[in-house]
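Welcome! Take your time and find each residue as you go.

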Amino acid sequence: MSVLLFGVSHRSAPVTVLEQLSTDESEQAKIVEELLRSTLVTEAMILSTCNRVEIYAVVEAFHGGLSVVGQVLSDHSGMSLQDLTKYAYVRYAEAAVEHLFAVTSGLDSAVIGEQQVLGQVRRSYAAAETNHAVGRTLHELAQRALSVGKRVHSETGIDAAGASVVSVALHMASRRLGGSGLAGRTAVVVGAGSMGALAAAHLARAGIGRVHVVNRTLPRAERIVANLRAQGVEADAFPFDHLPPVLTDADVVVSCTGAVLPVVSLADVHRGLAHGQEPKQLVICDLGMPRDVDPAVAGLPGVHVIDMDRIQREPASRAAAGDAEAARAIVAAEVANYLAGQRMAEVTPTVTALRQRAADVVEAELLRLDNRLPGLDASHRDEVARTVRRVVDKLLHAPTVRVKQLAGAPGGDSYAEALRELFELDPQAVDAVAGGELPLMAGESIFDPEKTE
């Protein structure tokens, strides 16, 4: 079984298509459940962010798995499979591993090097685990991907150029406002999730004067407000129905709710501007996916909307070439190490089955010895047993160690197959070891170490 990736991202599709594919947690659970109904899919994880929707599935066969994953996503998005495949990309086996490592490292983000994707991958894995959709393959892959992402951010300066979609958007907003930028201004943060909290933190560092936090539930908004006040920023929390009034004195709006439909309507912004003291400029950063802000808002006089399309075109969203290259080198090395480890793990059941086979042969021969020489002295019998076991252990040591080394190279699975053929190993015995049904582990002697001295 191998990992299949079926995805659509900001690199392959416009924002309108990503909006159509965007899913919330409940929808993702339904998609995973439907995928696992197929006998061709054994594990599944969905990574859905503001600029990508990707399904990672462990499949029995490439074409059959691709058909299942594509059809399920088509059904849930309402897009025809033909339209969906225009924007989709597919990775399989080694290429799927490389892609996830690059994504988790921030190399495939709209803002190269942004760290938020680490948390997004972690949450995607946790959701799949909660839905009982993760087995050994995706567990090992996701954990290694998170480790690689952390290593890239700690060993390179890839996140120095922007660090997040939020910081780039606010930099663009500051430039648009001119003068002192965000310093002393009034901001509205719509949404009190992780991105809302991140936006509030960036605003505070930029010297914002006042922040209104608007959210469906007040307790979460009030936690952000408390953090802002602790940093000396005037802040207050409001429910959604107070959005038009708080827009009256706003200079910048950051919206990032994750809602399925727009939460900032044309009417909301129009009423907010109409009640203002004088005509002014309003910059709105729409970081939602799907969009949080009605596209018609951009047509209002004095309103400038910064959306994901604009952010992706911003030069500040690209990390320095040297840091990106260093990150890619780390990813390439980690992919090679991971794949070598996987290939070695695949040969382990064969090696263990061989050792078990040898142990069975030795025990059978010792039993024959007991039957032929029933009067053999016990001490002599034990010495013969130890000698036979040492001989077999020494004969198997070199080939089993070598086959593990060779298995780490591309195409290494052929060595395990050769081993099975040469020693006539029962495929069912090998599968039993892989399933954990035999007690011997990789590298363990076929005999009790205390009896081979």
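This is a predicted model: local features need pLDDT of at least 70, side-chain atom pairs count only at pLDDT 80 or more; totals for chains, interfaces and linings use all residues.

The protein has 453 residues, of which 48% are buried, and its fold includes 17 helices and 10 strands.

**Two residues with a positive phi**

- Histidine 132 sits in the loop that joins helix 6 to helix 7.
- Its phi is positive, about 55°, even though histidine 132 is not a glycine.
- Alanine 93 is another non-glycine residue with a positive phi of about 55°.
- You will find alanine 93 in the loop between strand 4 (89-92) and helix 5.
- Is alanine 93 buried, exposed or partly exposed? With a relative accessible area of 27%, alanine 93 counts as partly exposed, because that category lies between the 20% and 50% cut-offs.

- From first C-alpha to last, the 15 residues of helix 6 reach 21 Å, close to the 21 Å expected at 1.5 Å a residue.
- Which residues of helix 6 are buried? They are Gln116, Val117, Leu118, Gly119, Gln120, Val121, Ser124, Tyr125 and Ala128.
- A helix makes one turn every 3.6 residues if it is an α-helix, so residues three or four places apart point the same way.
- The buried residues of helix 6 pack against several elements: strand 2 (41-49), helix 5 (94-104), helix 7, helix 8 and helix 9 (194-205).

**Threonine 156, a buried loop residue**

- Threonine 156 belongs to the loop between helix 7 (136-155) and helix 8.
- This threonine is buried because its relative accessible area is 11%, under the 20% cut-off.
- Which residues does threonine 156 contact, leaving aside neighbours within four places in sequence? They are Asp323, Ala326, Ala327 and Ile330.
- Its side chain also reaches the backbone oxygen of valine 152, at 2.7 Å.
- A polar atom of the threonine 156 side chain lies 3.3 Å from the backbone nitrogen of isoleucine 158.
- Glycine 113 is 43 residues from threonine 156 in sequence, and their C-alpha atoms are 9.7 Å apart in space.

**The nonpolar cores**

- The largest nonpolar core has 99 residues, and the members touching the most others are Leu35, Phe101, Val211, Leu228, Leu287, Met308 and Ile311.
- Which helix gives the most to this core? Helix 8 (residues 165-177) does, with 8 residues.
- Apart from this core lies another one of 21 residues, including Val188, Val190, Leu243 and Val269.
- Not counting residues up to four places away in sequence, phenylalanine 101 touches Leu141, Arg144, Ala145, Val148, Val331, Glu334, Val335 and Tyr338.

- Alanine 353 is part of helix 14 (residues 321-372).
- With a relative accessible area of 7%, alanine 353 is buried.
- Alanine 353 and leucine 425 are 72 residues apart in sequence, while their C-alpha atoms are 7.3 Å apart.
- Across the protein, 75% of the contacts with a separation of 6 or more are between residues 24 or more positions apart.

Technical notes:
Residues are numbered from 1 along each chain as its sequence is written. Side-chain values use heavy atoms; hydrogens and water are left out. A nonpolar core is a set of buried Ala, Val, Leu, Ile, Met, Phe, Trp, Tyr and Cys residues joined through side-chain atoms within 4.5 Å. Buried means under 20% relative accessible area, exposed over 50%, partly exposed in between (1.4 Å probe, protein chains only). Helices (H or I, at least four residues) and strands (E, at least two) are DSSP runs, numbered from the N terminus. Contact means heavy atoms within 4.5 Å. A polar contact is a pair of N or O atoms within 3.5 Å; within protein, one must be able to donate a hydrogen and the other to accept it, and residues adjacent in sequence count only if both atoms are side-chain atoms. The expected span of a helix is 1.5 Å times one less than its number of residues.
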